[in-house]
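Dear colleague,

I am handing over the structure below, and after it I describe what was found. Please keep it open while you read.

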Amino acid sequence: MAEDLEIKAQLENFENMLMLRNYINRMLKYDLSGTHLSLRECQLLMYIYQHGQTGTSELAQVFKVTRTLISKTLGQLMQANLIREQAHRNDRRRVDISLTDNGIKQVVAVKKQISDNLQSMDATKELLRLTEQVASLSQ
């Protein structure tokens, strides 16, 4: 009987985590709607913004996707003049990726849009409730 209650509680927690993930994904898609960026493109830009420069292998490892997928996405960002590639100083086989001035402006605009949307959303209470439920999972 106690085991059944524990399993039921775990299932409820799992459902809450899925709801939170889906809610955050919807919120991010809404936040990105005016930017013409995909969620993956935005994630890569934010990572590069935070780290200054990086490489394809590092991005693939961090985001747990293939280097091919990262390369394809980086190619799109390069065409949009949001990132640039430079040969690494010490290792000619390696290419460093950094943001262009346009890329920095885009990241700043996205961060502002997300912040503005979070402040104006009616669903903030729901997000806080779900966050508290997820936090209780670690207890």
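D96 is buried (under 20% relative accessible area, where over 50% is exposed and in between is partly exposed, with a 1.4 Å probe and protein chains only), because its relative accessible area is 7%. D96 forms a salt bridge with R94, the closest N and O atoms being 3.6 Å apart, where a salt bridge means a side-chain nitrogen of Lys or Arg within 4 Å of a carboxyl oxygen of Asp or Glu. By this rule the count is one salt bridge, and its partner R94 is partly exposed at 36% relative accessible area.

This is a predicted model, in which local features need pLDDT of at least 70 and side-chain atom pairs count only at pLDDT 80 or more, while totals for chains, interfaces and linings use all residues. Residues are numbered from 1 along each chain as its sequence is written, and side-chain values use heavy atoms, with hydrogens and water left out.

A search of the whole structure finds one aromatic pair, for which ring centres of Phe, Tyr or Trp (its six-membered ring) must lie within 6.5 Å, with planes under 30 degrees apart counted as stacked, over 60 as edge-to-face and the rest as tilted. Y47 and F63 form this pair, which is edge-to-face, with 5.8 Å centre to centre and 75° between the planes. The pair links distant parts of the chain, since Y47 lies in helix α2 (residues 39-51) and F63 in helix α3 (residues 56-63), 16 residues apart; helices here are DSSP runs of H or I with at least four residues, numbered from the N terminus. Y47 is buried at 12% relative accessible area, whereas F63 is partly exposed at 26%.

With kind regards

Notes
Helices (H or I, at least four residues) and strands (E, at least two) are DSSP runs, numbered from the N terminus.
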